[in-house]
Amino acid sequence: MLRDRTLLAWMTVALLLSTGATIAGIAEIKFQRAALERLVEEDVQDRATQLARQQDWGSAAYYAFHLTYDPPSALAFAALGERDSSAWKHRIRMLALEGQIHEADVGNPELALLGRFDFAFLAAFLLPLLIIIALHDLRSRERQAGRYELLISMTDSRLWAARAALRGLALVACTLGPFLIGATVSGTPLVKAVSVSVVVTLHGLFWTALCLAVSSLRRTSAVTLASLVAIWWLLAVLVPAASRVLIDRAVPVPAGAKITLLQRETVNAAWDLPKASTMKAFITAYPEWSDYAEVKLPFEWKWYYAFQELGDQHAAALSSAHRSGVEKRERAAVLIAWASPPARVERTLQRLAGTDMEAHLRYIDRVRQFHAELRQFHYPMLFRDEPFEPRRLDDLPVYVP
């Protein structure tokens with residue numbers, strides 16, 4: 001094997017690609033962590049500055065922003081997953097929540113379409129190609145050299161399995177080497193690094209066995225290579241792409257922009273509605289404040305936050321349909337991924353790294369929980385019209401990721 005210059009060249013390619021993917025992933029996660037450290041510090045300073053200027057509970061709730069975020073795991077450098085396409089930080093305040101949740105940083109749409117080159121993409125989609133190129137002529141090359149009949153007369157089929165396994169594992173090792181170094185640098189738990197290694201190794205052995213089986217059909221190198229590339233294209237490209245189109249058509253999901261628009265239209269319309277009707281609808285969901293629901297002045301903060309709450313209530317059905325649709329699409333995609341080993345491997349690595357859709361939905365749930373804590377903190381002061389005491393703001397809920 002070590003005298004095979006072609007194989008050594010592809011091993012070098014695998015090593016370089018893995019090194020590039022690992023370095024790029026570590027750099028991206030380092031950038032995200034640095035951004036979070038800066039934002040957390042600035043968030044505390046900005047909130048303290050704004051609260052120091054306020055003279056009533058309503059203004060304090062209105063101007064105080066709270067940073068919520070989903071910090072990357074130690075393994076996130078290997079599989080960026082949803083962190084590359086979904087928001088992993090939000091600045092939340094006491095206003096209607098739905099519009100805040102569905103806000104996201106504006107990115108480059110062309111780059112978003114292409115996706116990011118990370119270790120998971122390399123291991124799932126490019127490693128099989130490297131194995132195919134390196135092993136497709138394992139038998140045909142011996143036939144062309146006139147050694148095949150001699151070899152099979154002196155040995156049995158285990159020779160070809162051993163040769164294929166050795167070459168396939170060599171490519172896997174070149175792929176895993178930089179990753180393991182990156183995992184050590186990033187402080188990835190040993191069990192996570194081992195799990196990734198096992199998944200990638202089994203994936204590599206699957207494609208090695210496939211190459212061995214196809215090359216045993218006594219075809220020319222060109223035909224064998226074309227057949228293997230066609231299988232890779234079917235499993236790695238056609239099945240994932242077709243399944244995504246079918247799932248998107250079969251499971252409709254309301255757009256986040258539509259939810260935001262409905263919530264904001266409800267909030268804007270509430271300015272022209274009778275205050276009594278707004279408060280009546282509010283105390284239906286919060287009966288504990290029924291004794292404090294009367295609005296006597298042209299503007300009162302409790303009325304303002306009441307129709308902010310109603311904005312979320314009017315958008316609740318659409319928001320629930322959005323969440324349900326996303327979960328159904330995810331379950332369908334997980335099932336179909338069993339028909340595509342590359343897609344299955346990529347999803348497995350994202351799950352190990354905590355960057356899959358399930359992890360993103362858990363973050364959104366934490367944001368909703370924190371917003372509910374903000375309401376529970378502010379409502380007693382707003383509805384009871386308690387005297388403003390700035391020191392009580394030291395007990396504001398703190399977001400814990």
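Modeller: Welcome! Buried means under 20% relative accessible area, exposed over 50%, and partly exposed in between (1.4 Å probe, protein chains only). Helices (H or I, at least four residues) and strands (E, at least two) are DSSP runs numbered from the N terminus. This is a predicted model, where local features need pLDDT of at least 70, side-chain atom pairs count only at pLDDT 80 or more, and totals for chains, interfaces and linings use all residues. Residues are numbered from 1 along each chain as its sequence is written, and side-chain values use heavy atoms, with hydrogens and water left out.

Colleague: Which exposed residues does the face of α12 turned away from its buried side carry?

Modeller: Start with the buried residues of α12 (275-285): Thr278, Met279 and Phe282. They share one side of α12 because their arc around the axis (taken from the directions from the axis to the C-beta atoms) is only 90°. The face turned away carries Ala276, Lys280 and Thr284.

Colleague: How many residues apart in sequence are the parts that Trp271 and Tyr304 tie together?

Modeller: Rings of Phe, Tyr and Trp (its six-membered ring) pair if their centres lie within 6.5 Å; planes under 30 degrees apart are stacked, over 60 edge-to-face, the rest tilted. The structure has 30 such pairs, and Trp271 with Tyr304 is a tilted one, 5.9 Å centre to centre and 55° between the planes. Trp271 lies in the loop between α11 (256-270) and α12, and Tyr304 in helix α13, so the parts tied together are apart in sequence by 33 residues.
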